[in-house]
Amino acid sequence: MARETVTHRDGHVYEFGPEMDPVYEAADGESLTIETVDSLNGAIQEADDLLGAIPEEVNAATGPIAVAGASPGDVLAVEIEAVRVAEDRGRVLTAPGFGLLRDDPDIDHPATRITEVDADAEAVDFEGIDVPIEPVIGTIGVATDGETVSTLTPDDHGGNLDTTDVTGGTTVYFPVFQEGAMLALGDAKAAMADGEMCGTGAEIAVEVDATLSVIEDPAVSPARPLLDTGDAVKTVASAETMEAAVELANADMLDLLSHHHGFSRTEAYLFSSLVGGLEVSQVVDPQVTARNAVPSEYLSLPF
């Protein structure tokens with residue numbers, strides 16, 4: 001059966017909110033191809049194209065896509081089968097007041113480097129240095145439970161998570177807050193490091209193959225996104241500080257460990273300190289994002 005394709009031309013959003021109008025309704029278990037535009041809406045094509053200030057409308061997320069049967073309290077599973085770069089260049093930028101070293105006087109703000117992308121060689125060229133193409137979906141999320149949140153900001157609904165594990169081979173699980181879940185995604189990168197230190201990866205348009213499924217009455221109801229990479233289960237949390245983000249990610253992991261092993265919360269806390277691993281997703285968005293990883297040999301998700 002041929003996949004339907006949903007593109008940014010069908011519809012895209014710059015905010016996740018409680019009331020979102022779908023551009024497509026997927027059946028439970030349907031497989032789609034979702035096409036995105038680069039996070040700068042094609043405005044940056046040459047090294048001379050500088051981003052003097054972050055424009056109001058960036059990080060377009062294709063969608064929303066409603067999933068039939070998804071209701072508050074359910075979990076939406078997004079199985080990402082493949083992420084393919086869809087153009088021959090990426091863009092790495094600095095912008096005034098943005099990025100981890102925003103106040104460093106020795107760094108030019110703004111600055112742009114175009115990274116030529118060779119899909120055959122599976123490499124991104126940065127100043128003559130080849131970097132492997134490892135496409136990442138930067139922004140992915142669902143309708144919120146109340147507040148309207150820019151696609152630039154990560155929170156419990158997902159959003160601008162900028163997490164390197166959100167790529168082919170990973171299933172992302174979201175708590176469903178509104179009917180239909182209302183999935184939207186974009187802001188992809190051909191390559192990006194954990195942290196996304198300068199505020200961008202190699203920003204690029206992509207094609208995403210994904211299967212969307214509804215999990216009713218989950219044994220454990222996640223408060224925030226979860227990742228299953230095949231090798232590990234990872235809780236993902238965003239907050240104003242890294243300390244708060246890692247506390248949330250650790251606390252979420254205790255719920256899973258308690259359920260899986262029958263641990264008390266204290267036992268789960270102790271065990272997490274033996275097998276967990278805190279990871280930085282990004283440090284440059286309005287909220288920072290961290291994850292806690294437990295190898296799959298110690299944990300499987302309860303759905």
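A salt bridge here is a side-chain nitrogen of Lys or Arg within 4 Å of a carboxyl oxygen of Asp or Glu. With that in hand, a search of the whole structure, which is a predicted model, finds 21 salt bridges. Here is a friendly tour of the fold, some of those pairs and the surface.

**Overall shape**
- The chain has two helices and 22 strands. Its radius of gyration is 19 Å, close to the 19 Å that the globule rule gives for 303 residues, so the chain is as compact as a globular protein of that length.
- The C-alpha trace spans about 55 × 45 × 40 Å along its principal axes.
- Of the 303 residues, 54% count as buried.

- Side chains of opposite charge can pair when their charged atoms come close.
- Arg113 and Glu127 meet through their side chains at 3.8 Å, N to O. Arg113 lies in strand 9 and Glu127 in the loop between strand 10 (123-126) and strand 11 (129-132), so this pair ties together parts that are 14 residues apart in sequence. Arg113 is partly exposed at 38% relative accessibility, whereas Glu127 counts as exposed at 60%.
- Asp255 forms a salt bridge with Arg265, and their closest N and O atoms are 2.8 Å apart. The pair links helix 1 (residues 242-261), which holds Asp255, with helix 2 (residues 265-275), which holds Arg265, across ten residues. Both ends are partly exposed: Asp255 has 35% relative accessibility, and Arg265 has a relative accessible area of 42%.
- Arg291 and Glu279 form a salt bridge at 2.8 Å, N to O. Since Arg291 sits in strand 22 (residues 288-295) and Glu279 in strand 21 (residues 277-282), the pair ties together parts twelve residues apart in sequence. Arg291 is buried, with a relative accessible area of 2%, while Glu279 is partly exposed at 23%.
- A network of salt bridges links Asp162, Asp187, Lys189, Glu196 and Glu203.

**Surface patches**
- Glu116, Asp118, Asp120, Glu122, Asp125 and Asp130 form a negative surface patch. One of them, Glu116, is in strand 9 (residues 111-118) and is partly exposed, with a relative accessible area of 40%.
- A nonpolar patch on the surface is made of Leu100, Leu101, Ile107 and Met197, with about 330 Å² of accessible area together. Leu101 belongs to the loop between strand 8 (89-94) and strand 9, and counts as partly exposed at 48% relative accessibility.

**A loop proline**
- Pro18 is in the loop between strand 3 (15-16) and strand 4 (24-26), where its relative accessible area of 28% makes it partly exposed.
- Pro18 and Gly138 are 120 residues apart in sequence and 21 Å apart in space, C-alpha to C-alpha.

Technical notes. Residues numbered from 1 in each chain as written. Predicted model: local features only at pLDDT ≥ 70, side-chain atom pairs only at ≥ 80, totals over all residues. Heavy atoms only, no water. Patch = residues over 30% accessible without salt bridge, like charges linked within 9 Å, V, L, I, M, F, W, Y side chains within 5 Å. Areas by Shrake-Rupley, 256 points an atom, 1.4 Å probe, with all protein chains shown as cover. Lys, Arg positive; Asp, Glu negative; His and termini not counted. Charge placed at Lys NZ, Arg CZ, Asp CG, Glu CD. Helix = DSSP H or I, 4+ residues; strand = E, 2+ residues; numbered from the N terminus. Buried < 20%, exposed > 50% of the residue type's maximum accessible area, 1.4 Å probe, protein only. Rg over C-alpha atoms; globule rule 2.2 N^0.38 Å.
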